[in-house]
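Morning, everyone. Please look at the screen while I talk you through one chain.

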Amino acid sequence: MSGSTVFWYASRATGIVALLLLTAVLVLGILVNRQGRLPGLPRFAVTNLHRNLSLLAVVFIAVHVLAAVLDTFVSIPVLSAVVPFASRYEQLWLGLGAISLDIMIAMIVTSLLRGRMNRILWRAIHLLAYLSWPVAFAHSIGSSKDLQQGWMLDMAVGCALILVAAIVWRLAHAARQVPRAGRVAAVFAQHSAATSGATTSRASTSGAATSSANASKQTRRTRETVKR
């Protein structure tokens with residue numbers, strides 16, 4: 001096996017693994033609720049899992065890009081890895097790959113600078129993660145003939161279906177929740193209902209006690225009358 005062949009296989013294999021990891025990262029991010037939790041997992045476990053999968057995906061993407069550049073079968077300049085459409089070979093598909101990589105680099109850099117950034121700006125940049133996946137998916141399908149047929153195509157379609165299912169679940173879950181603006185009113189309504197119930201219960205108990213006392217008094221009066 002020649003050196004060029006090794007780089008070719010390495011580029012294809014790491015690209016496929018990177019797609020699987022990116023799918024797992026995005027699906028995990030979609031399924032996590034507002035408190036950063038998943039059913040059956042504490043918050044710190046979800047955070048660690050998401051971070052580790054993200055770092056692993058970045059490693060495989062870096063190896064994928066490096067192997068593609070070192071592959072001498074085609075000429076792919078290093079600059080084309082980060083500058084979209086700079087390569088003459090497979091210009092569209094490699095350009096999409098560069099866009100996806102640039103988005104991920106932006107997310108990594110802003111994550112490191114999160115404490116110094118405006119929260120709204122940071123959140124807006126990280127929402128690009130939802131754009132990164134379809135761009136990377138299009139790059140994978142268009143640039144790899146392996147993903148256009150056979151079981152690898154089935155795997156790619158499976159990734160897309162899992163992602164769609166996660167999005168549908170999240171939207172359905174969000175639709176069942178109380179809107180953020182109405183949460184305070186809902187909490188006050190629950191508190192008022194609980195307070196009203198407690199007041200009614202106390203009033204009922206007090207009424208029952210009063211009726212019992214009156215009945216006892218009437219019984220004593222009747223007994224005294226009979227004795228006389």
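First, the ground rules. This is a predicted model, where local features need pLDDT of at least 70, side-chain atom pairs count only at pLDDT 80 or more, and totals for chains, interfaces and linings use all residues. Residues are numbered from 1 along each chain as its sequence is written, and side-chain values use heavy atoms, with hydrogens and water left out.

Now the fold. The chain has seven helices and zero strands. Here helices (H or I, at least four residues) and strands (E, at least two) are DSSP runs, numbered from the N terminus. Read from the N terminus on, the elements go α-α-α-α-α-α-α.

How much of the chain is buried? Of its 228 residues, 27% count as buried. Buried means under 20% relative accessible area, exposed means over 50%, and partly exposed is in between, with a 1.4 Å probe and protein chains only. The accessible surface comes to about 15,100 Å², and 67% of that belongs to carbon and sulfur atoms. Such areas come from the Shrake-Rupley method with a 1.4 Å probe; for residues, only the protein chains shown count as cover.

Next, contacts, meaning heavy atoms within 4.5 Å. Take the contacts in the chain with a separation of 6 or more: residues 24 or more positions apart account for 55% of them.

Let me pick out helix 6, residues 150-176. Its 27 residues should span 39 Å at 1.5 Å a residue, and its end C-alpha atoms are 40 Å apart, so the two agree. The expected span is 1.5 Å times one less than the number of residues. Which residues of helix 6 are buried? They include M152, M155, A156, C159, L163 and A166.

On to the core. In soluble globular proteins, nonpolar side chains tend to be buried together. A nonpolar core is a set of buried Ala, Val, Leu, Ile, Met, Phe, Trp, Tyr and Cys residues joined through side-chain atoms within 4.5 Å. The largest one here has 26 residues, and L22, I61, W133 and L163 have the most contacts inside it. Which helices supply it? Helix 1 (3-31), helix 2, helix 3, helix 5 (129-143) and helix 6 each supply at least two residues. Helix 1 gives the most, with nine.

Zoom in on I61. Leaving aside neighbours within four places in sequence, I61 is in contact with A18, L22, L101 and M104.

T23 sits in helix 1. It is buried, with a relative accessible area of 5%. Beyond four places in sequence, T23 touches W133 and C159.

Now the rings. A pair of aromatic rings is described by the distance of the centres and the angle of the planes. Rings of Phe, Tyr and Trp (its six-membered ring) pair if their centres lie within 6.5 Å; planes under 30 degrees apart count as stacked, over 60 as edge-to-face, and the rest as tilted. How many pairs does the structure hold? Two. W8 and Y9 are edge-to-face, with 4.9 Å centre to centre and 85° between the planes. W8 is partly exposed at 29%, and Y9 is partly exposed at 47%. W133 and F137 are stacked, with 4.9 Å centre to centre and 20° between the planes. Why are these two about one helical turn apart? Because they are four residues apart in helix 5. W133 is buried, at 8% relative accessibility.

Stay in helix 5 for S143. A polar atom of the S143 side chain lies 2.5 Å from the backbone oxygen of H139. Not counting residues up to four places away in sequence, S143 touches R12 and W93.

Last, two loop residues. F85 is in the loop between helix 2 and helix 3. F85 is not a glycine, yet it has a positive phi of about 65°. At 38% relative accessibility, F85 is partly exposed.

E90 lies in the loop between helix 2 (43-70) and helix 3 (91-112). E90 is not a glycine either, and its phi is positive, about 45°. E90 counts as partly exposed, at 24%. Beyond four places in sequence, E90 touches G95 and K145. From E90 to I76 it is 14 residues in sequence and 9.4 Å in space, C-alpha to C-alpha.

Key. A polar contact is a pair of N or O atoms within 3.5 Å; within protein, one must be able to donate a hydrogen and the other to accept it, and residues adjacent in sequence count only if both atoms are side-chain atoms.
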